Amino acid sequence: MAKEYIASPKHHQLESKRKRLTWILGVSGLCILFYTLGAWQNTTAPINRSEVYNRVGCEVATPGAANDNPSSSVVLDFNTHHQIEINNTDSVANFRPCDMSYSEYTPCQHPPRGRKFDRNMLKYRERHCPTKEELFFCLIPAPPKYKTPFKWPQSRDYAWYDNIPHRELSIEKAVQNWIQVEGDRFRFPGGGTMFPRGADAYIDDINELIPLTGGTIRTAIDTGCGVASWGAYLLKRDILAMSFAPRDTHEAQVQFALERGVPAMIGIMASQRLPYPARAFDMAHCSRCLIPWHDYDGLYLIEVDRVLRPGGYWILSGPPINWKKYWRGWERTQEDLKQEQDAIEDVARRLCWKKVIEKNDLAVWQKPINHLECIRSRKVYKTPHICKSDNPDVAWYKEMEACITPLPEVSSSDEVAGGALEKWPERVFAIPPRIRSGSIPGISAEKFKRDNELWKDRVTHYKHIIRPLTQGRYRNVMDMNAYLGGFAAALLKYPVWVMNVVPANSDRDTLGVIFERGLIGTYQDWCEAVSTYPRTYDLIHASGVFSIYQDRCDITYILLEIDRILRPEGTVIFRDTVEILVKIQSITNGMKWKSQIMDHESGPFNPEKILVAIKTYWTGDTSLKQL
């Protein structure tokens, strides 16, 4: 008995340890299980439109739908745990509306400011941005009766009068069928100065001269675009045109273009390069665009040559083409017009362009596919010379130069300089020549493919957290930090077009790659305003933009600029760290926006988060002095 009695405490100690260990393991397992379930529940994507708008606090048409999924009411509150100061914005401000007189304010193309600058070469119409002291700290108001624009493709032909209350073009260009007022709306018949039969018939005429179908020509630039009917009617031929015109040549022409859902920018050929890389466009077009092509030693044709791809076409209609027929109507002498055409022909020859054809009102030239013969021809043509030691892609506030931008070297006369492109639509996912040749450090073919897959997954996720892309709610889209254009490529099946922006001070210039994919875009410094009118974009995508700019300028002004160019009820998708998104949300809360921070599509453990914001509908009041 004594032996059993002595052994008993040891037996109980072992049993006690086993129970305690089992209890600890059980509790730990339950903790892990419930944490995983909670994380999974919080990252469940909303499955319908109603859910999303309840997440960001907007009213929806289907009552009660958000309550079907418990996750729709979950709010990710990072404010308590993540605090950071960015720039010198110390507190949340409620922004007041600007005065109604600024409803169409374009900060860097503001006519009163521009008039202070040199009129030589029309420099006063170039970008002249406000100083820090001149920046507005208010919200640009929409017109009092502003309406949601027509959906594409109806928007190509119609726009609400109240959104752009300007009748000037309908009167000034009545005979040319640019635009007509019909009750409460504008109608765009598709006419133009040199195509009174309509843009469709005009494009058919061009197609008889050069191949517009078949995918060889994908990107185009229209200099002096009017209301962009040429670009609008090219879209159904799978050609994407960048249209530009200066502010105030004709009232609001670029604004009309964007209201129609057609790509356009405010811009001018003056003294600075166009904000696009070299070898960007398959085709350039001027229809009575009033650009003095032969002046300044052919400087403007030299700039067209820079942005044209090897083998690209330049199309000219209007003065001086077919001057023998039109000289009386143009109110110019035959001698003057003949001299102008001879001068243009001479510049084109010096650029090594070949004249393809001149027929009726159209003339077409073609750029060579390489510069082997052009270099040899310098023995005959001393000017313009071939540029030396210059990066041809640099185009942000870069002065034009009266020299030919050299094409990449080739080994034979039939080789396309810089590499041949696939036809559209294969072009968009083919390895771009700039990547294939290794000319962009750190970007390989494999990285390009991974980026495409990444954005395919992300856009699939976006379909669940913003209004359905397929319903035409969004048409004009801007990607503020486009990188390789993966976001735009993933949106191709939707009725949208994307302005791909590469920050001008980016470490890697990838805009050339974007154009080689058959997409379009521009350079932009986000510490400055965009060359566009207010209320011209439906959806803006900002991935990592504020991480780039948080130490360069006050992000409040970047957000105010986004508000300026975003349409009422437009959407912004921000991707960034939690700290930056919390700061963005604290600012936009004072801008009449509704927003929600959400987890990354891969789950809660990814440090990058998503902020979806919607600009609420509000308009200005002409009866009140606002700011």
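Which residue does a disulfide join to Cys 387? The partner is Cys 403, with an S to S distance of 2.0 Å. A disulfide here is a pair of cysteine sulfur atoms within 2.5 Å.

## About the model

This is a predicted model, in which local features need pLDDT of at least 70 and side-chain atom pairs count only at pLDDT 80 or more, while totals for chains, interfaces and linings use all residues. Residues are numbered from 1 along each chain as its sequence is written, and side-chain values use heavy atoms, with hydrogens and water left out.

## The sheet

Strands (E, at least two residues) and helices (H or I, at least four) are DSSP runs, numbered from the N terminus. Two strands pair if DSSP finds at least two bridges between them. Seven strands form an open sheet in the order S6-S5-S4-S7-S8-S10-S9, and the pairing is mixed. Strand S6 (264-266) and strand S9 (354-359) are the edges, each pairing on one side only. From one strand to the next, the twist averages 20 degrees.

Strand S5 (residues 240-245) runs parallel to S6, and three bridges join them. Phe 244 has Met 265 in S6 as its bridge partner. Helix H5 (residues 199-207) packs on the sheet. H5 touches strand S7 (281-287), strand S8 (308-317) and strand S10 (362-366), and makes about 50 degrees with the direction of S10. Such angles run from 0 to 180 degrees between N-to-C directions, with axes fitted to C-alpha atoms, for helices over the stretch in contact.

## Helix H10

Helix H10 (residues 334-350) lies across S8, S9 and S10, at about 150 degrees to S9. The end C-alpha atoms of H10 are 24 Å apart, which agrees with the 24 Å that its 17 residues should span at 1.5 Å a residue. That expected span is 1.5 Å times one less than the number of residues.

Which residues of H10 are buried? They are Leu 337, Glu 340, Gln 341, Ile 344, Glu 345, Val 347 and Ala 348. Buried means under 20% relative accessible area, exposed over 50%, and partly exposed in between (1.4 Å probe, protein chains only). Seen down the axis, the buried residues of H10 fall within an arc of 160 degrees, so they line one face of the helix. The arc is taken over the directions from the helix axis to the C-beta atoms. The face turned away from the buried side carries the exposed residues Glu 335 and Gln 339. The buried residues pack against helix H8 (299-307), S8, helix H9 (323-326), S9 and S10. Contact means heavy atoms within 4.5 Å. Just after H10, Cys 352 takes a positive phi of about 70 degrees.

## Disulfides

The count comes to six disulfides. With bonded cysteines counted along the chain, their pattern is 1-4, 2-3, 5-6, 7-8, 9-10, 11-12.

The link of Cys 387 and Cys 403 has a torsion of about 100 degrees about the S-S bond, so it is right-handed. Cys 387 is buried at 9% relative accessibility, and Cys 403 is buried at 4%.

Cys 108 and Cys 129 are also joined, S to S 2.0 Å. Their S-S torsion is about 110 degrees, so this disulfide is right-handed. Cys 108 is buried at 1%, whereas Cys 129 is partly exposed at 22%.

Cys 527 and Cys 553 form a disulfide with sulfur atoms 2.2 Å apart. At -85 degrees about the S-S bond, their link is left-handed. Cys 527 is partly exposed at 33%, while Cys 553 is buried at 17%.
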